[in-house]
Amino acid sequence: MSVDFIKNICQHYDAGYQCLVIPTSDEKRCEDDLALAAKELQCGITFWDEISGFRPGENKAINPVAAIASVVKADFYSKPNCMVVMRDMHSHFGKSDVRRAIRSLSAAYMFSHKEQRRPLIFLQPTPLIHPDLASCLTYIDYPLPDPVVLEGVFDTIVGQAQVKGAPGQPPTKLPPPPSELKYEIIQGLRGLTAAEAADCVTLCIKRHKGFPPEVVSTIEEVKANILKKSNILTYLPRD
């Protein structure tokens, strides 16, 4: 849980912002924090994608323009106030009718006004937006998991891991690493999303059958491979 992020979302919601953009690849963790913000605000929350429409809710609009336009209708949601989280809508920002719908409705303060608050929250893995939308979208930063969150991810994965027992014996729980090595592992995981960190810890367990010092090199290898996808940065492991 990111306390500062939740506080920031609540402040923008109360201030009546029309459209927010949250660029993050940590989608599940971010959505959990948005749900916590909605609980604090005592408002509803619904999530849209072009596979299922809005959930929860009866509105199954798949078409992006129809989905955006439906948000301002009184019967859109069971409550007048709710967060409307739209996943991967940035894929449609290149379409003029989508841009027009967002710009027209936000300029007229149709999403959030004195009768109802239903800000659009665009959740996307990239910060890129169409320049035509720059004036009506506000960026909200979602921080990468801190050491406390990463330790929770680590403990969950290790707590579920088992090692093969002797012939005829059931598997046993994987013993945790020494505290010094655990600290080094958690520090090594910094910069990864929660999902990436979970995958990385799982790989370490499968590759090393435990936690020898070599797990640190495996973590560096994973981070190097992730950076390669950017085609910009290169990760140089420690000597």
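**A walk through the model**

Start by selecting Phe154 and Phe211: both are buried, where buried means under 20% relative accessible area, exposed means over 50%, and partly exposed is in between (1.4 Å probe, protein chains only). This is a predicted model, so local features need pLDDT of at least 70 and side-chain atom pairs count only at pLDDT 80 or more, while totals for chains, interfaces and linings use all residues. Residues are numbered from 1 along each chain as its sequence is written, and side-chain values use heavy atoms, with hydrogens and water left out.

**Aromatic pairs**

Rings of Phe, Tyr and Trp (its six-membered ring) pair if their centres lie within 6.5 Å; planes under 30 degrees apart are stacked, over 60 edge-to-face, and the rest tilted. By that rule there are four aromatic pairs. For one of them, select Phe54 and Phe76: the ring centres sit 4.9 Å apart with the planes at 85 degrees, so this pair is edge-to-face. Phe54 is in strand S3 (residues 53–55), while Phe76 is in the loop between helix H3 (64–70) and strand S4 (82–87), 22 residues apart. Helices (H or I, at least four residues) and strands (E, at least two) are DSSP runs, numbered from the N terminus. Both Phe54 and Phe76 are buried.

Now back to Phe154 and Phe211, a tilted pair with 5.5 Å centre to centre and 50 degrees between the planes. Phe154 belongs to helix H5 (residues 147–160) and Phe211 to the loop between helix H7 (194–208) and helix H8 (215–228), so the pair ties together parts 57 residues apart in sequence.

**A buried glutamine**

Jump to Gln116, in the loop between helix H4 (96–107) and strand S5 (120–124). Gln116 is buried, with a relative accessible area of 8%. Show its side chain: a polar atom there lies 3.4 Å from the backbone oxygen of Val72.

**Out to the surface**

Finish with Val3, in helix H1 (residues 3–14). Val3 is exposed, with a relative accessible area of 54%.

Terms used: A polar contact is a pair of N or O atoms within 3.5 Å; within protein, one must be able to donate a hydrogen and the other to accept it, and residues adjacent in sequence count only if both atoms are side-chain atoms.
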